[in-house]
Amino acid sequence: MTATDLEIPDAAPDVDEVARAQETARRGGDPARWPDKLPVRDRLAVLFDSGSFVEDGLLATAADGALPADGVITGVGRVEGRPVAVIAHDFTVKAGSWGELTCEKQIRILERADRDLLPVVYLVDSAGGRLTDQMGFFPGRRGASAIFHLQVRLSGRVPQLCCLHGPSAAGGAYMPAFCDWVGMVEGNGSMYLASPRVAEKVTGERTTLEEMGGAMMHATVSGCGDEVFDEDWQAVAAARLLLSYLPDDFRGTSARAEPAAPEREDWADVVPADPNVGYDVRDVVDRLVDAGTFFEIKARWAQEMVVGLARLAGRVVGIVANQPSVRSGAIFVDSADKAARFISLCDAFNVPLVFLQDVPGFMVGVEVERQGIIRHGAKLIAAMSSAEVPKYTVVLRKAYAAGFYAMCAPGFEPRATLALPTATIGPMSAEASVNAVYANKIAAIEDEAERAAFVAARTVEQRADINLLRMGSDLIVDAVVQPDRLRAELAARMVDADRWTRQPGRRHHLISPV
């Protein structure tokens, strides 16, 4: 037999076959089965600048053709010209479940994000691990655990934002949990460690998916979700907007914008003089920051604390504010956690912090003590104290007890402590102080009028000890500012901090109270 008798296959690939495989992969599964969801590639079109996305691993599992792109799209595109990595699950392919190559693709793009310091956006829509490929996705060095390891390694180094379009089940629920922000789509987005069916088998509980892991539950009860959206595109557009407030990585600073006037400039009756009258602190924020720039975070959860990013005269700032209209603005377990996490985010990405104080203190009582209010309060104080970014404290009205400390009291080295004319600072209100100091004396006075006169006289004395003139005289506050001058005062002080840089050689991080 000679060489000419052998049938040697063409060594060149079948170009048409490859093209067909690429087209099949791009097409994915049948989107008609989920008519209320935006197809995954349409989500990418909302996220990225037109024509900028470069995909990796399109032909994963193409040899057998069963799972287009193995159910996940990865690559790098541009958002306002900035390179951003993406992981986008395709729910039309095996419910977006993870197999060996699904994990491999996600690991590779996260490794690139780690190497090149790229922000990462996760478009999550996955039923979890693919049990038919459990040895591929679960136990090995390149399995799902490596994804979470890389997410943690990236944390605080690059922004990681998650849009939750569908389920994030079992171990996969930790993918959103490791992100800096999670936007969930109402009716579709969910995260849970076990389905209602599994939970019933294990615990005997009967529940629904929405009740146990739905978008509104996580945004209002657990705090795992930051915002709820009606449509897929809205969540992606919000992530794209949020990226504009953050630098590419921990070494940079946020891009500045042209300064804009605040939404409102009239301050009449915004902060009532009576410390017992509630008001919406967002009305203060609207008068401080550039119009339309306040991006509130976790707005539906722990509402006695308001946090979010905004622009003040074009500069990005983080706002941490007590909310007097909810629970009088007292700090509870969840609101302490909410503020601590947000402060850590701002410190990681070099965003200056503005604290707006109107706080009666931490909540007290048996229930909150059992919940660990001391431990959670310590977590907030530790995050605030260890933040190196420029910090500015504004006392709007009351600043009492340990709440004053937690909201960046002078001892925690804010660049400035400013006070409105309505401000009062002390271990407690004058009335409460009189009742604490003179409890026995008050009880011993039998005549009601005499007792009232005694309390009134002592209250005047207590107020004199904590009034603003005394606070300024003793350098507790650096300036007393009229409300209509507060924005300009803060803007001027921020210009003075433009030369700020981190101190070299500091410890990597503290051991946070759990």
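**Figure 1. D269 in the loop between α10 and α11 of the predicted model.** D269 sits in the loop that runs between α10 and α11 (282-288); helices (H or I, at least four residues) and strands (E, at least two) are DSSP runs, numbered from the N terminus. D269 is not a glycine, yet its phi is positive, near 65°. The residue is exposed, with a relative accessible area of 74%. Exposed stands for over 50% relative accessible area, buried for under 20%, and partly exposed for values in between (1.4 Å probe, protein chains only). Residue numbers start from 1 along each chain as its sequence is written, and side-chain values use heavy atoms, without hydrogens and water. This is a predicted model, in which local features need pLDDT of at least 70 and side-chain atom pairs count only at pLDDT 80 or more, while totals for chains, interfaces and linings use all residues.

**Figure 2. A95 in the loop between β3 and α3.** A95 belongs to the loop between β3 and α3. Its phi is positive, about 55°, although A95 is not a glycine. A95 is partly exposed, at a relative accessible area of 23%.

**Figure 3. The salt bridge of D56 and R112.** A salt bridge is counted where a side-chain nitrogen of Lys or Arg is within 4 Å of a carboxyl oxygen of Asp or Glu. Here the side chains of D56 and R112 meet at 2.6 Å, N to O. D56 lies in strand β1 (residues 54-56) and R112 in helix α3 (residues 100-116), so this pair ties together parts that are 56 residues apart in sequence. Both are partly exposed: D56 has a relative accessible area of 26%, and R112 one of 25%.

**Figure 4. The salt bridge of E80 and R240.** The closest N and O atoms of E80 and R240 are 3.1 Å apart in this salt bridge. Because E80 lies in the loop between β2 (72-79) and β3 (82-89) and R240 in helix α10 (residues 232-243), the pair ties together parts that are 160 residues apart in sequence. E80 is exposed, with a relative accessible area of 61%.

**Figure 5. Further salt bridges.** D266 and R264 form a salt bridge through their side chains (3.1 Å, N to O). D266 is partly exposed at a relative accessible area of 38%, as is R264 at 39%. Elsewhere, K37, R43, D125 and D232 are linked in a network of salt bridges. Across the whole structure, 34 salt bridges are found.

**Figure 6. A negative surface patch around E210.** E186, E210, D230 and E231 gather in a surface patch of negative charge. Such a patch joins like charges within 9 Å, using residues with over 30% relative accessible area and no salt bridge. E210 is part of helix α8 (residues 209-213) and is partly exposed, with a relative accessible area of 33%.

**Figure 7. Helix α12.** Helix α12 (residues 333-348) has 16 residues. From first C-alpha to last, α12 reaches 23 Å, close to the 22 Å expected at 1.5 Å a residue; the expected span is 1.5 Å times one less than the number of residues. The helix is mostly covered, with 12 of its 16 residues buried. Among them are V333, A336, F342, I343, L345 and C346, together with the charged residues D337, K338 and D347.

**Figure 8. The chain as a whole.** The chain has 514 residues, of which 50% count as buried. It contains 20 helices and 16 strands. Taken along the principal axes, its C-alpha atoms fill a box of roughly 125 × 55 × 45 Å.

Notes:
Patches are made of residues with over 30% relative accessible area and no salt bridge: like charges are joined within 9 Å, nonpolar side chains (Val, Leu, Ile, Met, Phe, Trp, Tyr) within 5 Å. Accessible areas come from the Shrake-Rupley method with a 1.4 Å probe; for residues, only the protein chains shown count as cover. The place of a charge is taken as NZ of Lys, CZ of Arg, CG of Asp or CD of Glu.
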